[in-house]
Amino acid sequence: MKAPLVVLGATGGVGRGVVQAAIDSGRPVIAVARRSSELKALKAGYPQADLTVVTGSVANDAAGAKLARALRKLGRPLAGVVAAVCGSAERGRLLDNPAEFLRRKLDEDLLPHLAAARHLLPLLAERDRGGTYVLIGGPGSEHPWAGYGHRSIGAAALRMLARVLHDEARQQAVRVQLLAVDTPVCTEFNQRHSCPEWPSALSVGQRAMALIDHDVSEEPPRPIVPYALRAPAPTLLPPRARPSSQPPASIRLPSPPASRVDDATPARSAAPPARPAPLPTSRDTLPKTVPLPAAAAATAQEPDCASDDKTQRCLLDARALLKSLTAPNPKQEPTPR
């Protein structure tokens, strides 16, 4: 049976996504939040899951020590901790507020992570089981967030805190990593006003679970793990591998370089014939100043590859236009179709 996962801030927008991702993966969850009423509602949403709720806080060292004692009383070795802790989304310019404003925001956004790590990391190290401690960071850590400068400062400080904890926790055989999410997250609380490019809370939770399960190819583990917002673009198949029902991709020739061109290239003085010549089968038949694109190279190396008339006409028109630009006599202009 899998060991349980502790989720701090379980009733928040991101915390709910982490809880759902952990339950979907079949892992027991210990949800921690300040308000018992919200914890009861969360538990009611997963009646069949192994979900334990604990009312607690990590606002300071005293609260963190109290939470550690409550978790130890459960008598269940922990697999990991996900800290989805964040203060209120208050807006304001730093220059318009006193220094006490920034101090208060750091007390809400940064110091709870330190208090939680100080008292929960020893729980992961007990019985030589090790474990993974994942902090979830928000946007604005590398570039100022207009109107939320205090959040940018807190996020940047959290990245350095994660690096320090990652280095110091090695002695306890515990892995500490920060999942850096550089955009706001779409949650059930803000989904009506969210942007399409924002990641969902569930996808962030799934990424955090991958770190808990060490399902990451990187070796050794990095202290800062960026959230992969976009999947890599699919690789285009070569012309031979395309199904016969799909038309071949259109081929575009790049624009001529701004530097000196080959003056020996003759200009085309008349329009191309009604039926264009077949596509050349070698790179040497093209002008030296026009590099061959990858798609055209794949077609040119295979004489038996079929190309439609429209593609060949586009090629001839493009060559005619390029030769008119590189011709030594500007009066000789081609007549593209």
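Colleague: Which elements do the buried residues of H6 pack against?
Modeller: They pack against H4, H5, S5, strand S6 (174-180) and strand S7 (224-226). Keep in mind that this is a predicted model.

Colleague: Which residues of H6 are buried?
Modeller: The list runs His150, Arg151, Ser152, Gly154, Ala155, Leu158, Arg159, Leu161, Ala162, Leu165 and His166.

Colleague: What span should H6 have, at 1.5 Å a residue?
Modeller: The 20 residues of H6 should span 28 Å. The end C-alpha atoms of H6 are 29 Å apart, so the two values agree.

Colleague: Is Ala173 buried or exposed?
Modeller: Exposed, because its relative accessible area is 56% and the cut-off is over 50%.

Colleague: What is Ser141 in contact with?
Modeller: Leaving aside neighbours within four places in sequence, Ser141 contacts Ser152, Ala155, Ala156, Arg159 and Asp182. Among these, Ser152, Ala155 and Arg159 are buried residues of H6.

Colleague: Switching topic. Where is Gly92 found?
Modeller: In the loop between strand S4 (80-83) and H4. At 13% relative accessibility, Gly92 counts as buried too.

Colleague: What does Gly92 touch?
Modeller: Asn97, Phe101, Gly147, Gly149 and His150, not counting residues up to four places away in sequence. Take Gly149: it is 57 residues from Gly92 in sequence, with the two C-alpha atoms 7.7 Å apart in space.

Colleague: How much space lies in the largest pocket?
Modeller: About 1,400 Å³. The pocket is lined by 47 residues, and the closest to its centre are Ala84, Val85, Cys86, Gly87 and Arg151.

Colleague: Which helix gives the most to that lining?
Modeller: H6, with five residues. Other elements that supply at least two residues each include helix H1 (13-24), strand S2 (29-33) and helix H4 (99-109).

Colleague: How does the lining split by class?
Modeller: There are 23 nonpolar, 17 polar and seven charged residues.

Colleague: Let's do H3. How many residues has it?
Modeller: H3 has 13 residues, 61-73. From first C-alpha to last, H3 reaches 19 Å, close to the 18 Å expected.

Colleague: What caps the N-terminal end of H3?
Modeller: Asn60 does. A side-chain oxygen of Asn60 lies 3.3 Å from the backbone nitrogen of Ala62. Just after H3, Gly75 takes a positive phi of about 65 degrees.

Colleague: And which residues of H3 are buried?
Modeller: Ala63, Gly64, Ala65, Leu67, Ala68 and Leu71. The buried residues of H3 pack against strand S1 (5-8), S2, strand S3 (51-55) and H5.

Colleague: Last one. How many helices and strands does the protein have?
Modeller: Nine helices and seven strands. Of the 337 residues, 41% count as buried.

Definitions and conventions:
Residues numbered from 1 in each chain as written. Predicted model: local features only at pLDDT ≥ 70, side-chain atom pairs only at ≥ 80, totals over all residues. Heavy atoms only, no water. 1 Å grid on protein atoms, 1.4 Å probe; cavity = no way out; pocket = protein on both sides within 12 Å on 5 of 7 lines; lining within 4 Å. Points joined across faces, edges and corners; volume = space filled by probe spheres on them. Helix = DSSP H or I, 4+ residues; strand = E, 2+ residues; numbered from the N terminus. Nonpolar A, V, L, I, M, F, W, Y, C, P; charged D, E, K, R; others polar. Contact = heavy atoms within 4.5 Å. Expected span 1.5 Å × (residues − 1). Buried < 20%, exposed > 50% of the residue type's maximum accessible area, 1.4 Å probe, protein only. Polar contact = N/O pair within 3.5 Å; in protein donor to acceptor, adjacent residues only side chain to side chain.
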